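Here's a walk through one protein chain, written for someone who would rather look at residues than at scores. Keep the viewer open as you read.

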Amino acid sequence: MQINITGHHVEVTQALREYVTTKFDKLERFFDKINNVQVILTVDKLHQIAESTLHINGGEIHGKADSENMYAAIDSLTDKLVRQLNKHKDKLNSH
């Protein structure tokens, strides 16, 4: 799984990069067919926004979360993506 991290109006530090990498590596436990991940971290005045697009076999999954803290936004984003991946996996298994 390849992870691309970009920042808008925020410098992506090594600590942020490692945090995102460890959080998104856990997604492979839920669905192992993830090809590519695009993560965009944005600061908009007081809102810290994290959004991501997962390129998987059979489509794409997009998620977006915002918070007052960038780490909290990343946590919320990974939780949303886990729910979406489980839903996608259930759809594949039901067919």
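Strand S3 (residues 47-56) and strand S4 (residues 59-67) run antiparallel, with 9 bridges joining them. Strands here are DSSP runs of E at least two residues long, helices are runs of H or I of at least four, and both are numbered from the N terminus. Two strands pair if DSSP finds at least two bridges between them.

## Ground rules

This is a predicted model, so local features need pLDDT of at least 70 and side-chain atom pairs count only at pLDDT 80 or more, while totals for chains, interfaces and linings use all residues. Residues are numbered from 1 along each chain as its sequence is written, and side-chain values use heavy atoms, with hydrogens and water left out.

## The whole chain

Zooming out, the protein chain has 2 helices and 4 strands, and reads β-α-β-β-β-α along the sequence. Its C-alpha atoms fill a box of roughly 45 × 20 × 20 Å along the principal axes. The radius of gyration, taken over C-alpha atoms, is checked against a globule rule of 2.2 Å times the number of residues to the power 0.38. For 95 residues a compact globule would come out near 12 Å, and the chain's 13 Å agrees with that.

Of the 95 residues, 33% count as buried. Buried means under 20% relative accessible area, exposed means over 50%, and partly exposed is in between (1.4 Å probe, protein chains only). Contact means heavy atoms within 4.5 Å. Among contacts with a separation of 6 or more, 48% come from residues 24 or more positions apart.

Gln48 counts as buried because its relative accessibility is 16%.

His88 lies in helix H2 (residues 70-94). With a relative accessibility of 16%, His88 also counts as buried. Leaving aside neighbours within four places in sequence, His88 is in contact with Phe31, Ile56, Asn57, Gly58 and Ile61.

Thr6 is found in strand S1 (residues 2-8). At 32% relative accessibility, Thr6 counts as partly exposed. Not counting residues up to four places away, Thr6 touches Val12, Gln38, Val39, Ile40 and Leu41. Thr6 and His62 are 56 residues apart in sequence and 16 Å apart in space, C-alpha to C-alpha.

## Two loop residues with positive phi

His9 lies in the loop between S1 and helix H1 (14-25). Its phi is near 65°, a positive value in a residue other than glycine. Is His9 buried or exposed? His9 is exposed, because its relative accessible area is 73%.

Lys45 sits in the loop between strand S2 (34-44) and S3. Phi of Lys45 is near 55°, again positive in a residue other than glycine. With a relative accessible area of 77%, Lys45 is exposed.
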